[in-house]
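Me: I would like to learn how to read a protein model. Please take one feature at a time, with the general idea before the case.

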Amino acid sequence: MFNLEVPKKAGALVNQAYQAAAEVFRPISRKYDSAEHTYPAELDMFAALLDGLNSSGEGGAGAAGVRRGDDDNAKKAANRNGANLNIVLGTIEMCWGDVGLLLSMPRQGLGNAAIGSVATDEQLKRFGKTWAAMAITEPSCGSDSAAITTTAKLEGDDYVINGEKIFVTSGQRADSVVVWATLDKSKGKAAIKSFFVEKGTPGFEVVRVEHKLGIRASDTAVLRFENCRVPKENLLGTPEIDSAKSFAGVMQTFDNTRPLVAAMGVGVARAALEETQRILTEAGVTIDYDKPANIQHAAAAAFIQLEADYEAAYLLTLESAWMADNRKPNSLQASMAKAKAGRSVVDITLRCVELAGTVGYTEESLLEKWSRDAKILDIFEGTQQIQQLIVARRVLGKSSAELK
């Protein structure tokens, strides 16, 4: 049974993440929002801390994979709270500080989650210590990951990759990138695989870095691959094209990254709610949880409604991570959490700006920044519309061909 309480053993990790967010992220949040594309040097010391947390097996506020074992002992194991839940809890705290700065953390990229999810044990040892971005989206295909056109053709002992990727988080700063490409376009999405490509590989070029509405501390790049040769051992997972499994292997990555993005949204939403409550209290607005909303100040009633929305997103996010820890299929729950948190954080931050009045719209507080940061959390790792489509397919038992 899913326990709604934060496990006691995660207390130290949550406290460490909160202290880092409060003492380091918050003070420099405005600085790197204004100095877009400038690497936050203050983050270097935290990279080593998170490496230690992750290597200990307890997890941290970084990216790890959903690795599902098939051994009998794993299947018979009692319910447990493990690395995935810890990562989600740490991510919430860090994004309470600043989501753009978290996305800038070395060796905590979304590509690391892909490596952790689909790499073989040998590949995990070779590639697990790198800082990996993840390159999926292309100019010709947005949310439809199955429609990618980047190719990877086997020539001798190498795969030759050709194509262009856009909106790659940490695409400029990361040491490497996990690239989605097709082995054979004629075989559809079953032929889509992910490849580990190191920076500096001939044929791999960072074309430009984008200017963005929010998460400005994080770099978002356009990448081009032109006859880029990588060893065939860099194909993550198995090279076999299995039509029966479609591209479930690479898609397993999202079972991990979507709860992480949901956690980011939960952290930003909590930050906005706390700041708004402070502003309302200073303005003399009393929020009374023992009274019906309809007999309270309109701002108090609106705030209580926003808090309820936040709680729903928070619990869905914890559930999706808990299921991964207990080796349960969590694709439905991951999409539900991402859909709810992505929409909620946008609604909550914008309403908080409204409730705070002029204070919310100026740089006097961080509310206006959080409202800008929030929007991407409803878009990347699968848009709101895509998440709802996935949920509908799962609930109704429909395939992607039957329900588009």
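Me: At what angle do H10 and H12 pack, and how far apart are their axes?

Reply: Some ground rules come before the case. This is a predicted model, in which local features need pLDDT of at least 70 and side-chain atom pairs count only at pLDDT 80 or more, while totals for chains, interfaces and linings use all residues. Residues are numbered from 1 along each chain as its sequence is written, and side-chain values use heavy atoms, with hydrogens and water left out. Helices (H or I, at least four residues) and strands (E, at least two) are DSSP runs, numbered from the N terminus. Two packed helices are described by the angle between their axes and the distance between the axes. Axes are lines fitted to C-alpha atoms, for helices over the stretch in contact, and angles run from 0 to 180 degrees between N-to-C directions. Here H10 and H12 pack at about 160°, with their axes 9 Å apart.

Me: Which word describes how H10 and H12 run relative to each other?

Reply: Angles under 35 degrees count as roughly parallel, over 145 as roughly antiparallel, 65 to 115 as roughly perpendicular and the rest as oblique. H10 and H12 are therefore roughly antiparallel. Their crossing is left-handed; that term applies if the near helix is turned anticlockwise from the far one by less than a right angle, and right-handed applies if clockwise.

Me: Which residues make the contact between H10 and H12?

Reply: Contact means heavy atoms within 4.5 Å. On the H10 side the residues include Lys-338, Gly-342, Val-345 and Val-346. On the H12 side they include Leu-367, Trp-370, Ser-371 and Leu-377.

Me: What other helix does H10 cross at roughly 145°?

Reply: That is helix H13 (residues 384-396), whose axis comes within 9 Å of that of H10. The crossing of H10 and H13 is left-handed. Among the residues in this contact are Ser-335, Lys-338 and Ala-339 of H10, and Gln-387, Ile-390 and Val-391 of H13.

Me: How is the length of a helix checked?

Reply: The expected span is 1.5 Å times one less than the number of residues. H10 has 26 residues and reaches 37 Å from its first C-alpha to its last, close to the expected 38 Å. Helix H9 (residues 298-325) has 28 residues and reaches 41 Å, close to the expected 40 Å.

Me: How many residues does the largest nonpolar core have?

Reply: A nonpolar core is a set of buried Ala, Val, Leu, Ile, Met, Phe, Trp, Tyr and Cys residues joined through side-chain atoms within 4.5 Å. The largest has 66 residues, and those with the most contacts inside it are Phe-25, Val-99, Leu-367 and Leu-377. Elements that give two or more residues to this core include helix H1 (11-34), helix H4 (83-97), H9, H10 and helix H12 (367-377). H8 gives the most, with twelve residues. A second, separate core of 20 residues includes Ala-133, Val-179, Phe-204 and Cys-228.

Me: What are the totals for the protein chain?

Reply: The protein chain has 13 helices and seven strands. Of its 404 residues, 54% count as buried.

How values were computed:
Buried < 20%, exposed > 50% of the residue type's maximum accessible area, 1.4 Å probe, protein only.
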